[in-house]
Amino acid sequence: EAQERQRMKEEEERSKKVEAAIAEAEAERQREEELRLAAIEEAERLRREEEDREAAKEAAKKAKEEAERQRLEFLKQQAIEEAERAVREEEARIKREEAERKGKIVISVTVLNDETEEIMAKASLRLGCKVQELGQACVREARLSVAPAIFAEPKPEPKMVRGKMELRERFPLPPDDTLLEAGVENNAVLRAKISSAVITASKDCTARIWNAETGSCQLVLEGHNAAVCSACISPDCRYVATSSEDSSARLWYVDSGRCARVLQDHKEAVYSASFSPDSKQVVTASEDGTAKIWVVKTGLCKLTLKGHNFAVLWAAFAPDGRSVTTTSSDGTLKIWNAKTGVCDRTLLGQKPVYLASFATDGSTFVTASGDDTAKICDLVTGESKIVLSGHESLVLGASYAPSCPQAEQQAEQQKDENG
């Protein structure tokens, strides 16, 4: 029995040793498996890193190639644009030289009145001159107040279109274009549409002539040293007369805006200046209590009309030019002989009258607006059609100018100019 127990004990010990050996072998196997898996993972990691490095190298290579391609494309485009610019500059230079060459060529142009078909002006101008210079030639020759709109084609006739009478629109030649740019050729016959004009006087020391149809300022008359109280255009459309608080009146050329005469003899502000019907004389009214009649041709004072006790607010010739009417702040109106300067009649209890200036066709009137603008208004509705904006201070007066002088006035003026 003791031996049996000994034997069982030995077998149990052997069994434990075998189990321990098996457990140790299994642990060794698991360790080796872990090492193998770790080696595989490491190899996979290294492979991925290598692939990433290769991909990065490839991407960098492609990016470099794309950048180089774009650089070459940019240089190519730049070279093309530079070549095109050089071509354009060369073409522009050739055109400019051609325009300069042609611009020196003198052409003859005839301008007809769009309404009457009568010759308005004949001019010899360089092709490089602007259309507005042709307009100024019309102002000089036809005695206009403002430059007319000039057209290359006759006034279109209305046509029946779908049962309605329609008038094809035509466009004037742009004033800032040269005759060459406008396509005007030698011996061209153009049409001109006469525009009405408005003249304004302002506290900003200037007077302005406006195109009443477009509202554009055509001339700025600068020279007075104080507010301009009144401004008007002579019946023959050759001169502008302005009066000012600087104690003077001035005559200006309508076509150029240049000052022709300075009428200085009043001692205080000159409130009004207006022409005689024949445009040969000007009468002025002043704060110094006198009115004066001046000779347009010389700028000399012909007569001084004395008799009012206070400021003379307004003076004007009668339609026949034989008498002058004055109004004063002393409450009187006097009628004077324009030839002798003798007062023929005095009316008491008169009050100043303020008038709007009406267009010759009676459709509109112009008034000062109580600010730095004047307004052209519809006579029927009274609504403002055009606002004349450009003065820098209060507008003191606004009036329509003659569109075109009478034929007899032109004949007399031409006779005077010819000696």
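Buried, as used here, means under 20% relative accessible area. Cys232 sits at 16% relative accessibility, so Cys232 counts as buried. Cys301, at 30% relative accessibility, falls in the partly exposed class instead. All of this comes from a predicted model, so the values that follow are computed from that model.

A disulfide is a covalent bond between the sulfur atoms of two cysteines. How many disulfides does the count come to? The count comes to 0.

Next up is Ser286, which belongs to strand β15, a run covering residues 281–286. Is Ser286 buried or exposed? Its relative accessible area is 0%, and because the cut-off for buried is under 20%, Ser286 lands in the buried class. Leaving aside residues up to four places away in sequence, Ser286 touches His266, Glu268, Ala269, Val270, Tyr271, Ala311 and Val312. The side chain of Ser286 also reaches the backbone nitrogen of Asp288, at 3.1 Å. Put together, Ser286 is a buried residue in a strand, with its side chain reaching a backbone nitrogen.

Side chains of opposite charge can pair when their charged atoms come close. In this model the count comes to 19 salt bridges. Several of them can be followed along helix α1, which spans residues 2–103.

One of these pairs is Glu42 with Arg45, where the closest N and O atoms are 2.2 Å apart. Both residues lie in helix α1, 3 residues apart, or about one turn of the helix. Glu42 has 35% relative accessibility and counts as partly exposed; Arg45, at 31%, counts as partly exposed too.

Further along, the side chains of Glu50 and Arg53 meet in a salt bridge, at 2.4 Å from N to O. Glu50 is partly exposed at 35% relative accessibility, and Arg53 is partly exposed at 43%.

A further pair joins Arg71 to Glu68, with the closest N and O atoms 2.7 Å apart. What separates these two along the helix? They are 3 residues apart in helix α1, about one turn. Arg71 has a relative accessible area of 41%, which makes it partly exposed, and Glu68 is likewise partly exposed, at 35%.

Which residues are linked in a network of salt bridges? Glu44, Arg47, Arg48 and Glu51 are linked in this way.

Methods:
Residues are numbered from 1 along each chain as its sequence is written. This is a predicted model: local features need pLDDT of at least 70, side-chain atom pairs count only at pLDDT 80 or more; totals for chains, interfaces and linings use all residues. Side-chain values use heavy atoms; hydrogens and water are left out. Helices (H or I, at least four residues) and strands (E, at least two) are DSSP runs, numbered from the N terminus. Buried means under 20% relative accessible area, exposed over 50%, partly exposed in between (1.4 Å probe, protein chains only). A polar contact is a pair of N or O atoms within 3.5 Å; within protein, one must be able to donate a hydrogen and the other to accept it, and residues adjacent in sequence count only if both atoms are side-chain atoms. Contact means heavy atoms within 4.5 Å. A disulfide is a pair of cysteine sulfur atoms within 2.5 Å. A salt bridge is a side-chain nitrogen of Lys or Arg within 4 Å of a carboxyl oxygen of Asp or Glu.
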